[in-house]
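Morning, everyone. I have one structure to go through today, and I will keep it short. Please have the sequence and the model open while I talk.

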Amino acid sequence: MVLYYSATGNTKFIAKQIAKRLGDETLDLLERIRKEDHSAIHSEKPFVICSPVYVCEPPVFLVKYLKKLKLTGNRQIYFIFTSGGYAGISSTIMKNLARRKKMIYMGRAEVKMPRNYIAGKLYEMNPPEEARRRLREAVKEIPRIAYLIRIGAKLRGRFVFQFEKIVTYPFVPVWTRIMQSAKPFHTTEKCIGCGKCARLCPLNNIEMADRRPVWKKSCAHCMACIGNCPFEAIEYGNITQDREKYNISHYVKKEYLS
């Protein structure tokens with residue numbers, strides 16, 4: 001079974017395409033995460049966990065959820081990471097998770113996707129042609145990854161150096177605490193109060209008040225709210241005003257996302 005969490009569609013796309021080639025099912029973990037539903041998931045086939053990468057590692061809330069989730073049946077587990085180009089120590093974290101769950105770690109693959117993080121000034125968003133190029137290259141990777149999983153081979157990704165772990169483990173908590181505030185999020189006059197942003201927040205961090213979203217303190221900067229707003233009515237301070245509100249549906253036909 002292919003399990004995934006996806007904010008703006010990148011990870012969902014990869015998960016769906018790999019599952020089709022494996023003849024396997026997919027399960028979106030969003031609602032389970034939101035409801036803290038840790039009831040067992042059973043699969044006779046190997047588990048494949050598809051995860052985005054936030055600040056050099058998988059989302060903290062996703063790792064926390066997976067630690068409590070009971071997986072039954074097949075004990076083999078693969079991991080696939082989608083990122084803007086660098087998965088950091090994601091493989092180390094998930095390898096430790098597999099060991100903790102007494103599962104057989106079958107390796108990982110890293111797939112480079114269009115950037116979706118529009119709330120920071122450090123990186124520019126990919127121009128449309130670069131986004132399309134990245135998606136074309138990602139699609140080329142899917143058959144190889146799926147084939148290796150199907151024959152029970154290990155996925156071998158980039159080697160994670162010790163200095164990456166030394167730097168990242170203490171760095172990420174500080175970065176997220178200082179740089180990932182929810183305060184700058186706000187809506188414009190385009191907002192109609194549909195509440196989609198609140199329904200898609202994995203941390204239940206958005207409440208609707210007088211038909212307007214209100215952001216609380218817990219925020220993963222996943223970009224689900226801003227990237228899925230049907231009216232592009234959400235901004236992050238003045239950083240996002242002239243940037244594309246990235247969603248993979250801008251580039252991929254609906255049939256490939258369902």
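This is a predicted model: local features need pLDDT of at least 70, side-chain atom pairs count only at pLDDT 80 or more; totals for chains, interfaces and linings use all residues.

Now look at strand S6, residues 76-83. Seven of its eight residues are buried. S6 runs parallel to S4, and six bridges join the two. What handedness does the β-α-β unit of S6, H4 and S7 have? It is right-handed.

Next, the helices around the sheet. In H3, the buried residues include Phe61, Leu62, Val63, Tyr65 and Leu66. Among the elements that cover the buried residues of H3 are helix H2 (30-35), S4 and H4.

In soluble globular proteins, nonpolar side chains tend to be buried together. The largest nonpolar core in this model has 49 residues, and Ile14, Ile80, Ile149 and Phe185 touch the most other members. Helix H5, residues 128-150, gives the most to this core, with eight residues. There is also a second, separate core of 34 residues, including Leu3, Tyr54, Val63 and Tyr65.

Which residues does Phe185 touch, leaving out those up to four places away in sequence? They are Trp215, Cys219, His221, Met223, Cys225, Ile234, Glu235 and Tyr236.

Two backbone angles are worth a look. Val55 has a positive phi of about 50°, although Val55 is not a glycine. Val55 is found in the loop between strand S4 (47-52) and helix H3 (60-68). Is Val55 buried, partly exposed or exposed? Val55 has a relative accessible area of 22%, so it counts as partly exposed.

The other one is Lys102, also a residue other than glycine, with a positive phi near 60°. Lys102 lies in the loop between helix H4 (90-100) and strand S7 (104-112). With a relative accessible area of 71%, Lys102 is exposed.

Last, the cysteines. How many disulfides are there, if the two sulfur atoms must be within 2.5 Å? The count comes to zero. Take Cys225, which is in no disulfide: the nearest cysteine sulfur, that of Cys222, is 6.4 Å away. Cys225 counts as buried, because its relative accessibility is 9% and the cut-off is under 20%. Cys229 is in no disulfide either, and the nearest cysteine sulfur there, that of Cys194, is 6.0 Å away. Cys229 is buried as well, with a relative accessible area of 17%.

That is what I have. I can take questions now.

Notes. Residues are numbered from 1 along each chain as its sequence is written. Side-chain values use heavy atoms; hydrogens and water are left out. A nonpolar core is a set of buried Ala, Val, Leu, Ile, Met, Phe, Trp, Tyr and Cys residues joined through side-chain atoms within 4.5 Å. Buried means under 20% relative accessible area, exposed over 50%, partly exposed in between (1.4 Å probe, protein chains only). Helices (H or I, at least four residues) and strands (E, at least two) are DSSP runs, numbered from the N terminus. Contact means heavy atoms within 4.5 Å. Two strands pair if DSSP finds at least two bridges between them. A crossover is right-handed if, with the strands pointing away from the viewer, the path from the first strand over the helix to the second runs clockwise. A disulfide is a pair of cysteine sulfur atoms within 2.5 Å.
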